[in-house]
Amino acid sequence: MARKQEISHAKPAMNIWSGVLFGIGLMALIDEIIFHQLLQWHHFYDLFTPFIGILSDGLLNAFALFALVAGLFMFADIQRRHIAHMRTWTASLFLGLGGFQVFDGIVNHKLLQIHQVRYGVEILPYDLAWNISGLMLLIIGTVLFTQARKHMKPSEAR
Amino acid sequence: MEHANFLPIEIAAALIALAALILYPAGMYISGKKHKKWPFHRFILWSAGVVLAASALTGPLAQLSHTNFTAHMMGHLLVGMLAPLLLVFGRPMTLLMRTLNVRSAKKLSRLLNSRHISFITNPLVAATLNIGGLFLIYMTGLFTMMHMSAWLYALIHLHVFLAGYLFTISLIYIDITTHRYSYMYRALVLILALGFHKVLSKLIYAAPPEGIPKDAGESGALLMYYGGDVIDVGLIIILCWQWYRARSPKMQKTAGPT
């Protein structure tokens, strides 16, 4: 009985937070490992980057590490409580992945101009590839999210 | 660079470490007579912390660190980050409380509850003392000055160690904790502190302290950045693990096994 009660109290919020946090952390680290370290398209430190650029990078990286670990522990928590909703979680994961990608592509690259995807080349194709791939992840997340809500009982879909 | 005579500091550091290695098991013995036996693994963690902190201040690594910037950074990671973490897991305050008689224990607990202690164990204050201190050392002339004055060198290393320890106990509650803050607040402070630690290592990479050649500064900064990452992830995991344990739902008999 108690368990049933818990399930009916299952709010998607924890599923969403866990998925989004994990997605953001994962994409931020993928970005750093592939583009900063393996391809070295934009660097560990770029000599012409202003202080605010390094500052936001440092805070973002610390947040990414935290988000990855915290997202996983939150997932363990909802599993333990039997309120894990895999469709909602997967949808949130994609929203986190795409959200970070588009945020990086629009805010960091274009508005703040902390760094670009690549230097010394025609930047437009890279920007398009970067943001469109991010947008596609966001769209996948949104589609999955509406599907997840259809699969929920009315009491859960709040 | 003209160097001061660091021998007295090395001797002092060795003596303090020796005292820490003798007093702790003595405390274990006294505590064991009154209470449950003190777990031996905490002594291992404590000793590891003491030895690692001492190795940065006395012996070959300490001597190398005066001239080699990477060795200096290794010492910084040990004294300011890894050793405090290990020492906290040794739960020295809990052990101290158990060895003291009731009157002294009450006095100590009053001290821990005082306004000053409550101020500096606020995570944001502790983080500022820790990371802010590092900014002062590496971004001002302090780094050069400390190698010319043994007193300044001792003072700065004492600060790095104490601030690192304070930072650790303000974020993860292992030992006796008098003033508690929410996980969200501690998580935010941890992210800010880690972020600024990364920022500082990048600034050192770009412009090492006076008298440090460019390539030496770069390798030191890389060690600070990635070495810091390893310990930082450890802190994050411990904080999240404590959150996970605290949120454990009350085991209900009706909850069923599956």
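Gly164(B) is buried, with a relative accessible area of 0%, below the 20% under which a residue counts as buried. The model is a predicted one. Gly164(B) lies in helix α10 of chain B, which spans residues 150-171. Leaving aside residues up to four places away in sequence, Gly164(B) is in contact with Gly80(B), Pro84(B), Asn130(B) and His159(B). The C-alpha atoms of Gly164(B) and Glu10(B) are 20 Å apart in space, and the two residues are separated by 154 residues in sequence.

The contact between the two chains was examined next. The size of an interface is often given as the accessible area lost when the parts come together. For chain B and chain A, about 2,900 Å² is buried between them, and 75% of this area is on carbon and sulfur atoms. On the side of chain B, the residues that lose the most area to chain A are Ile191(B), Lys202(B) and Tyr244(B), which together account for 21% of what that side buries. In terms of residues, 32 of chain B are in contact with 29 of chain A.

Between chain B and chain A there is 1 salt bridge. It is formed by Asp77(A) and Arg247(B), with 2.7 Å between the closest N and O atoms. Two or more residues on the chain B side are given by each of α11 (183-206) and α12 (214-246) of chain B. The most come from α11(B), which gives 13 residues. By class, the side of chain B that touches chain A comprises 23 nonpolar, 5 polar and 4 charged residues.

How values were computed
Residues numbered from 1 in each chain as written. Chains lettered and ligands numbered in written order. Predicted model: local features only at pLDDT ≥ 70, side-chain atom pairs only at ≥ 80, totals over all residues. Heavy atoms only, no water. Helix = DSSP H or I, 4+ residues; strand = E, 2+ residues; numbered from the N terminus. Buried < 20%, exposed > 50% of the residue type's maximum accessible area, 1.4 Å probe, protein only. Contact = heavy atoms within 4.5 Å. Buried area = accessible area lost by both parts, 1.4 Å probe. Salt bridge = Lys/Arg side-chain N within 4 Å of Asp/Glu carboxyl O. Nonpolar A, V, L, I, M, F, W, Y, C, P; charged D, E, K, R; others polar.
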